[in-house]
Amino acid sequence: MNDKQHTIKAPVTVSGIGLHTGVVSNMTFMPAPINHGYKFQRIDLPEQPIVEADVDNVVDLSRGTTIEQNGARVNTVEHVLAALVGLEIDNVLIQIDGPEPPIMDGSSILFVRPLLEVGLEEQNALRNFFEVPEEIMFRDGSRETEIAILPLDDYRVTVMVDYHSPVLGSQHASLTDLSQFKDEIASCRTFCFLHEIEMLYKQNLIKGGDLSNAIVVVDRVVEDNELDYLSDLLKKPKVAVKKEGILNNVDLRYKNEPARHKLLDLIGDLALVGRPLKGQILAARPGHASNVAFAKKIKKYIKETSVKNVPVYDPKKTPVMDINRIMQTLPHQYPFVLIDKIIHLDATTVTGVKNVTMNESFFQGHFPGNPVMPGVILIEAMAQTGGIYVLSTVPDPENYWTYFMGVDKCRFRRKVVPGDTIIFKCELLAPIKRGIARMQGQAYVAGQLVMEAEMLASIVRKDA
């Protein structure tokens, strides 16, 4: 996956009819600055309002994902967003002169191709990944839907669908690397069942639906008079049922094209979280309603963990302890003093800062050519932060040693490299008894959890 943010090198326009509104629109992808994200602009409306691609702006899920903001609505955004996520494009303004993006051929490929033709441009800013620290699960018993995202330093998606249909049956589709999206997923088209068509028309949907932009699955016997009725409904001179149960359509592009399209939809809907994701996504029987509910759950998780856990570090503020005070307090000297500042210290919590530079001695031998801070050094730095707290509980810390006794539930979430600033937060889990302290520690870089552990330490008088 790209580490840097990307936009496109030049504007590019696509045109066509909207699937549900039946309105022809012109849609232009515009380059956008760093941290802009995905935004739609209704240039056909007064004042040309902006609609941010955000899960909080979802207002309708009738056979597609519709967003609304500032009095403007954009229908069926998922195929457009999937194309952007699949190409790892972070910042784009999407100007549209109608209520709905063109359905094109029912997939994302006719967005992907023009975007690749104008080319991508790397921007001088890191991507703001949400790296999943633990399993996040969504279930909907009424639809037999389950979606989970698990920790992984990558982006992978696996989807299973089962419509209890003799034509489709149970299908699986997987994306193991985003580089596969343009060739393996982007061209997979939307679909529906024959029995849904009349209902959708009566609901004032699929006004732009056509047998050239959707797969219609026929899973029952169809009489000739019903085919004539469908011909009139779809404004086609003649419709027929193909052997494999596909209505009057070209052959499937893949045997599991419906499952691959559900994967495409899931990628597009999860773009509404607002940040690129790192994790393993597993989905059983997903749909737009469950996708959006899951995206809301992820966004809520990000908000809650960010507010609850991540300490705020302002380098302009005077620290509680600078490096000189730290060296006077801890029984460590160069090259084993691993904390540069203490920025917070109260009755139960301590927060320390470590600025990681290429000059650290351990980088000489740890992954030469690919410097990564060793996990054991991260644990030691966290332990030294906790040691500052333990020593602060006695009136004469210079007369005590602190000894590391144990570590439990340790997890490394992402690598730490030169240039990172690590914020260590350690919190006492129980009152110190008989000189034994048990603490919960977390390490953060750029607001993201990189390591966590429970630690046990003892404090002993030097003359004991």
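Predicted model: local features only at pLDDT ≥ 70, side-chain atom pairs only at ≥ 80, totals over all residues.

Reader: Which residues does the UniProt annotation "binding site" cover?

Author: According to the UniProt record, an unreviewed entry, the "binding site" covers His 79, His 261 and Asp 265. These residues are spread over 187 residues of sequence, yet they cluster in space, with a largest C-alpha distance of 9.5 Å. Of the annotated residues, His 79 is included in the lining of the largest cavity.

Reader: Where does His 261 lie, and is His 261 buried or exposed?

Author: His 261 belongs to helix α6, which comprises residues 257-270. Buried means under 20% relative accessible area. His 261 has 1% relative accessibility and therefore counts as buried.

Reader: With which residues is His 261 in contact, leaving aside its neighbours within four places in sequence?

Author: With those neighbours set aside, His 261 is in contact with His 79, Gly 106, Cys 188, Arg 189 and Thr 190. In the case of Cys 188, the side chain of His 261 reaches the backbone oxygen at 2.8 Å.

Reader: What is the place of Asp 265, and which residues does Asp 265 touch, not counting those up to four places away in sequence?

Author: Asp 265 is also placed in helix α6. Its relative accessibility is 4%, so Asp 265 counts as buried. Beyond the residues up to four places away in sequence, Asp 265 touches Glu 78, His 79, His 288 and Asn 291.

Conventions
Residues numbered from 1 in each chain as written. Heavy atoms only, no water. UniProt positions renumbered as here; feature names shortened; annotations may be inferred. 1 Å grid on protein atoms, 1.4 Å probe; cavity = no way out; pocket = protein on both sides within 12 Å on 5 of 7 lines; lining within 4 Å. Helix = DSSP H or I, 4+ residues; strand = E, 2+ residues; numbered from the N terminus. Buried < 20%, exposed > 50% of the residue type's maximum accessible area, 1.4 Å probe, protein only. Contact = heavy atoms within 4.5 Å. Polar contact = N/O pair within 3.5 Å; in protein donor to acceptor, adjacent residues only side chain to side chain.
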